[in-house]
Amino acid sequence: MSTKEMTGSEIIIEALKDQGVDVMFGLPGGVLLPLYDALFKQNGLRHILVKHEQAAVHAAEGYARSTGKVGTVLVTSGPGATNTVTGLVDAMMDSVPLVCLTGQVPSSLIGNDAFQEADITGITRACTKHNYLVKDVNDLGRVLHEAYYLARSGRPGPVLVDIPKDILQATGTYRSGDKTTVVEHKSYKPQVKADMTAIKEAVALIKGAKKPLFYGGGGIVNSGDAACTLFSQFVKMTGIPCTLTLMGLGAFPGSDDQFLGMMGMHGTYEANLAMHDCDVMINIGARFDDRVTGRLDAFSPDSKKIHVDIDPSSINKNIIVDVPIIGDVGHVLEDMIKVWKAEQAQIDADALTSWWKEIADWRSKESLKYTNSNKIIKPQYALERIRDLALETKKDTYYTTEVGQHQMWAAQYLNFDKPKRWLTSGGLGTMGYGFPSAMGVQTAHPDALVVAIAGDGSFQMNLQEIATLMAYRLPVKCFILNNHCLGMVRQWQEMFHGERYSESLLDVQPDFVKLAEAYGALGLRATLPGELDDVIRQAYASDLPTIVDVRTDASENVFPMIPSGAAHNEILLGPEDSESSENGGSLESGVLV
Ligand SMILES: Cc1ncc(C[n+]2csc(CCOP(=O)(O)OP(=O)(O)O)c2C)c(N)n1
């Protein structure tokens, strides 16, 4: 262990390098000048200068979720810090490991309503795993190592470290050994290995099942690639059907026959009916989110439920389960497979065959079928072409989305065979997430094809980041599925509010092609289905950040749909179902888009 005397700013750089940080996303301000000066004098730590601090957090999320490492954010006090709040809530809800460093006014001014002072530790208490206000420069190194440890351990999440200007300037001691001692001494030690009795109970339940179903969530992806491989192995070994949540897509190969598609509000018919009718539900790393469960008292009424989660507070929160298993998904799956093999377990083959027959009947409804047109671009068709032509590039491809109809169609029509290739704002559902998060993904994977799927509404929440993409030559391909409206809001107004389109139509739009060109980026447009392939190929072939304005059918709605407050077997397959639905407006009352 080495001990060095240095300024607070230098300690930060040293600690971040010791943590293996290679890049941070940020924007400077008055109180951070000493730190930015120290950054100027060093090599090795990259800084991506964003145009808005919210984008810095989403970019760090993109970096973290596509690499499995902790993302780092650096912003100034007051408005810089408050601009991060949406991103922090997003990271908290979707379990994304981040460390957000905020500058603070000098210690002597704290509490004085000083210029650009905001009580950011108070403000972010509810949306960080933990936060710190550093009061002594000698604590700085340890606090930073703790922050990275906390962000990545257990259920990952954001940690904020608020650092007053005088602490950046003061001289103190940096102990490199703090990196290991915080891990040894920390009282926060999440349970990774699960109780073997619970694992054996789960295996017994699965063995005896007649209609079992795997329900996998983002926890599998968070646990790492090895956990995803183990999950796929277990699903294949047992022959049990598998569905995934929005956050779990990619944890099991999307093109595998045992995959029923995504479940939940806009999940497939077969996945949702299997959730409803199964007799043993094996929830691995999902949290019984309301967009998955629908009406709680009608949720999978006859199943025994197993729930694997690293976060004990997720267990029995929304749904009471029969076998709770607290632990890291990867470790739990390893143990489950061991027990399964040791017991030479098998599911009753006849029962499994008739369960698959039932599923085949549901599948035959082809719930993702849509009517294509050669006159107008259907958003589903655009996504299929974006997906298929991406395969032609032979590049490792990552997709991010904004929030709305396009997000749900992207989840339905893009295909994910590998984990960490799909990034979307699931828990918070924040518009403005996808474009900057693509920037973070491209920073981490310079040679990959990074595609951001946007709605025309959401894109306008963080479009200023075209400038950042240009500055760092990050060739993100952004496809705006432009329906001239806040489509998901419009859909709900059509279905549940008597077609009264209150404040959801975006009649006046910027010219997105000219906008891209104004920044020096490539702007393209497709208006007819026949133009799509050529435009997508041009986008993929360009070295420039590219914005593609895809004019889509504004009247298209996302189906299948389980209206909020309905049960899985009340799923609507298309407009005919919704017209005949007597539940209509009352079903979704009190629930927001
Ligand atoms: C920051 C934020 N504000 C408001 C909402 C509510 N909301 C959900 S979807 C949606 C419409 C999104 O429109 P657009 O981006 O054009 O996508 P589309 O639904 O048309 O595909 C809105 C306003 C939200 N999710 N996030």
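Good morning. A residue is called buried when its relative accessible area is under 20%. With that term in hand, I turn to the structure above, which is a predicted model.

I begin with helix α18. This helix is mostly covered, since nine of its nine residues are buried. They are Gln 405, His 406, Gln 407, Met 408, Trp 409, Ala 410, Ala 411, Gln 412 and Tyr 413.

Two of those names return when we consider the ligand. Its surroundings comprise 19 residues, and the closest are Gln 405, His 406, Gly 457, Ser 458 and Gly 487.

A nitrogen atom of the ligand lies 2.8 Å from a backbone N or O atom of Gly 429. Gly 457 places a polar backbone atom 2.8 Å from a ligand oxygen atom. In Asn 483 the side chain is involved, with an N or O atom 3.0 Å from an oxygen atom of the ligand. How much of the ligand does the protein bury? Taken alone, the ligand exposes 580 Å², and the protein buries 81% of that. The elements giving two or more residues to the shell are α18 (405-413), α20 (456-459) and α22 (487-496).

Let me move to the strands. Six of them form an open sheet with parallel pairing, in the order β16-β15-β17-β18-β20-β19.

Another parallel pair is formed by β6 (residues 130-133) and β7 (residues 158-164), over four bridges. Here His 130 stands opposite Val 159 in β7. Between the two strands the chain passes through helix α7 (residues 140-152), and this β-α-β crossover is right-handed.

Finally, I draw attention to Thr 229, a residue of helix α12 (residues 225-238). Is Thr 229 buried or partly exposed? Its relative accessibility is 47%, and therefore Thr 229 counts as partly exposed. The C-alpha atoms of Thr 229 and Phe 252 are separated by 8.0 Å, although the two residues are 23 residues apart along the chain.

Thank you for your attention.

Terms used:
Residues numbered from 1 in each chain as written. Predicted model: local features only at pLDDT ≥ 70, side-chain atom pairs only at ≥ 80, totals over all residues. Heavy atoms only, no water. Buried < 20%, exposed > 50% of the residue type's maximum accessible area, 1.4 Å probe, protein only. Pairing = 2+ DSSP bridges. Right-handed = clockwise from strand over helix to strand, strands pointing away. Near = heavy atom within 4 Å. Polar contact = N/O pair within 3.5 Å; in protein donor to acceptor, adjacent residues only side chain to side chain. Areas by Shrake-Rupley, 256 points an atom, 1.4 Å probe, with all protein chains shown as cover.
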